Amino acid sequence: MSAKKQEPTFEEALEKLEALVASMESGEVPLATLVEKFEEGSKLVKTCEERLKQAELKIEKLRQDNEKVVLEAFAPDEA
């Protein structure tokens with residue numbers, strides 16, 4: 001069984017991305033390395049976007065569930 005590499009958290013990916021950008025902006029990185037760092041940065045951006053989308057969907061679901069509970073709590077009893 002191969003162990004699946006765990007994806008970084010949003011915070012970890014963002015921290016790595018910020019470090020990559022800083023090193024790329026230094027002007028001391030050879031072109032070949034810049035391309036590699038750009039590719040790595042693109043993957044990290046995708047990871048951050050996925051994490052944000054997951055959080056957004058979870059918040060939306062919690063908000064909708066909360067609205068249903070509130071609406072149900074104030075519904076009149078039917079006899």
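This is a predicted model: local features need pLDDT of at least 70, side-chain atom pairs count only at pLDDT 80 or more; totals for chains, interfaces and linings use all residues.
I'll start with the overall picture. The protein chain is built with two helices and zero strands. It has 79 residues, of which 11% count as buried.

Now helix 1. It covers residues 10-25, which is 16 residues. From its first C-alpha to its last it reaches 22 Å, close to the 22 Å expected at 1.5 Å a residue. Which residues of helix 1 are buried? They are Ala-13, Leu-17 and Leu-20. Looking down the axis of helix 1, these buried residues fall within an arc of 60°, so they line one face of the helix. Turned away from the buried side of helix 1 is a face with the exposed residues Glu-11, Glu-15, Glu-18 and Glu-25. Just after the helix comes Gly-27, with a positive phi of about 80°.

Next, the core. The largest nonpolar core has five residues in all: Ala-13, Leu-17, Leu-20, Leu-44 and Cys-48. Helix 1 and helix 2 each supply at least two residues of this core, and helix 1 gives the most, with three. What does Leu-44 touch, not counting residues up to four places away in sequence? The list is Ala-13, Lys-16, Leu-17 and Leu-20. Three of the names there, Ala-13, Leu-17 and Leu-20, are the buried residues of helix 1.

That brings me to helix 2, residues 31-73, and to Thr-47, which lies in it. Is Thr-47 buried or exposed? Thr-47 has a relative accessible area of 7%, and because that is under 20%, it counts as buried. Setting aside its neighbours within four places in sequence, Thr-47 is in contact with Glu-7, Pro-8 and Ala-13. Ala-13 is also a member of the largest nonpolar core.

Last, Glu-49, again in helix 2. Glu-49 has a relative accessible area of 52%, and since that is over 50%, it counts as exposed. How far apart are the C-alpha atoms of Glu-49 and Phe-10? They are separated by 8.6 Å, while the two residues are 39 residues apart along the chain.

Methods. Residues are numbered from 1 along each chain as its sequence is written. Side-chain values use heavy atoms; hydrogens and water are left out. Helices (H or I, at least four residues) and strands (E, at least two) are DSSP runs, numbered from the N terminus. Buried means under 20% relative accessible area, exposed over 50%, partly exposed in between (1.4 Å probe, protein chains only). Contact means heavy atoms within 4.5 Å. The expected span of a helix is 1.5 Å times one less than its number of residues. The arc is that of the directions from the helix axis to the C-beta atoms. A nonpolar core is a set of buried Ala, Val, Leu, Ile, Met, Phe, Trp, Tyr and Cys residues joined through side-chain atoms within 4.5 Å.
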